[in-house]
Structure formats: C-alpha cells, structure tokens
Amino acid sequence: MCNLPVRVVCRANAEYMSPSGKVPFIHVGNQVVSELGPIVQFVKAKGHSLSDGLDEVQKAEMKAYMELVNNMLLTAELYLQWCDDVTVEEITHPRYGSPYPWPLNRILSYQKQWEIRRKMKAIGWAGKSLEQVLEDVDQCCQALSQRLGTQPYFFNKQPTELDALVFGHLFTILTTQLTSDELSEKVKNYSNLIAFCRRIEQQYFEGHDKDSSASATSRSAKRSLLK
C-alpha cells in the first residue's frame, strides 16, 4: 500500500526469527522490526505513511477501530485455533507441528497451546463458549461494516493502516481451513466487507505473486471469497 519494494519470504520458523516471537516482521538492512504497530512506525520514520492525510480526530478513530480488531478478531482467531478442542486436534496441532519431526512437533504444539490458553485466561476469554466468541466476532464485523458503509476504504478513497489490518484478519478468516465454517460465515453476512476484501486483493495482490505457491494460495482464497 505504501508502494515500497518488498520481497515476501515464507519460513516455517518465522515466529522464532521474530524479535517479539510474533509475525509479521520485516528485515531491512541490519534491522528486524516485528508486528504491525512497530512496522508502521518504522516505515513512517522513513517518510511513508498511509494516514498522513487524516486529521487528529480521524487518526484517533482509526486507532480505536484498530484496537477493536486486535481485541476481537485476533483474539477470536486464536481462541478458535487453540481453545476449541476439535479444531486443535484435527487442524492446529498437525498444521503447527508439520515442519518438525516427532516428538518435537508435539512438544512445540503443546507449548504454543499452553501459551495461548494462558493468555485467554488472563484476558477473561478462557471461560467463553464458542457461541459467545462467534457473537463477539459478529458484533465486531457489524461495527466495521457500519463504518465502511459504501466507501471503498474506511476513510473514503485511500487505504490506511486500518484497511491493511482489517484485510489481513478478514482474509485469514475467510481462507483458513477450520473444522467448521461458522467463523467465516459471520464475515460473509456483511457483503461490503467481502467486497472490501476482494477490492484490496485485486488492487494490491493479484499479479504480484511471483512464486507458484503464493499464486495457488491466492487462487484458492479467491474461490473461497466468491462463495
């Protein structure tokens, strides 16, 4: 979105390469910067910002919606993948441990599960039912849908950091295989959010995938989005 030169590299051990243990991260020269917020600040310090055109009230509103996404969508994704027992056994453990040999694959998977469940307990999500989590997702999507309205982006004609964050989470929800479609169906109830995802994919990703695996992922994602 900032029109900067970038090369995407997929690595099985990406989270262990990240300074914070979280993705995404960027490697620029001898610097490694992880997670969206610090990446945005790093890029801004280099003279590139998507939100320079916003006034102070709009910037505050943008940050509030970004907090909503992180508190609701991100947490719900982690809950579904690590706290729903069926999904954990059928999807998450095999996928997360796939790059590693036995027994390391199981050890790392259980270690990650313990870490996420401890976080859920700390923020009060451990006792939630799946239905309550899905309701939270629906309320978040409703708020985002109302803010977006008929605009191409959340702040009219140009994307901001909020658009990047929302796209990343909605696209992930729509294209990640789980044991049921309940989570993605919540997003699909909002046609303007689906159109928003298509718009960003077409404008910023189609034609930019250089390797076959990325292209295959994109094609699979588009089929899912068009359902």
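A cavity is a set of points, on a 1 Å grid over the protein atoms alone, where a 1.4 Å probe fits but cannot get out; its lining residues have an atom within 4 Å of a point. This structure is a predicted model, in which local features need pLDDT of at least 70, side-chain atom pairs count only at pLDDT 80 or more, and totals for chains, interfaces and linings use all residues. Residues are numbered from 1 along each chain as its sequence is written, and side-chain values use heavy atoms, with hydrogens and water left out.

**The cavity**
- The count is 1 cavity of 30 Å³ or more. A volume here is the space filled by probe spheres set on the points, which are joined across faces, edges and corners.
- The largest cavity has a volume of about 50 Å³.
- Its lining consists of E77, Q81, T172, I173, T176, L178 and L183.
- Helices α3 (56-82) and α7 (161-175) each give at least two residues to that lining. Helices (H or I, at least four residues) and strands (E, at least two) are DSSP runs, numbered from the N terminus.

**Helix α2**
- I39, V40, F42 and V43 are buried in α2 (residues 36-45). They sit on the same side of α2, because they cover an arc of only 165° around the axis. That arc is taken from the directions from the helix axis to the C-beta atoms.
- Q41 and A45 are exposed on the other side of α2. Buried means under 20% relative accessible area, exposed over 50%, and partly exposed in between (1.4 Å probe, protein chains only).
- β1 (25-28), β2 (31-34) and α7 are among the elements that cover the buried residues of α2. Contact means heavy atoms within 4.5 Å.

- Most residues other than glycine have a negative phi, and most peptide bonds are trans.
- V23 and P24 are joined by a cis peptide bond, with omega about 5°. P24 is in the loop between α1 (14-17) and β1.
- W102 and P103 are also joined by a cis peptide bond, with omega about 5°. P103 lies in the loop between α4 (85-97) and α5 (104-122).
- N3 is not a glycine, yet has a positive phi of about 60°. N3 belongs to the segment before α1 and is exposed, at 76% relative accessible area.
- E35 has a positive phi near 75°. E35 is in the loop between β2 and α2 and is partly exposed, at 29%.

Terms used. On a 1 Å grid over the protein atoms alone, a cavity is a set of points where a 1.4 Å probe fits but cannot get out, and a pocket is an open set with protein on both sides within 12 Å along at least five of seven lines; lining residues have an atom within 4 Å of a point.
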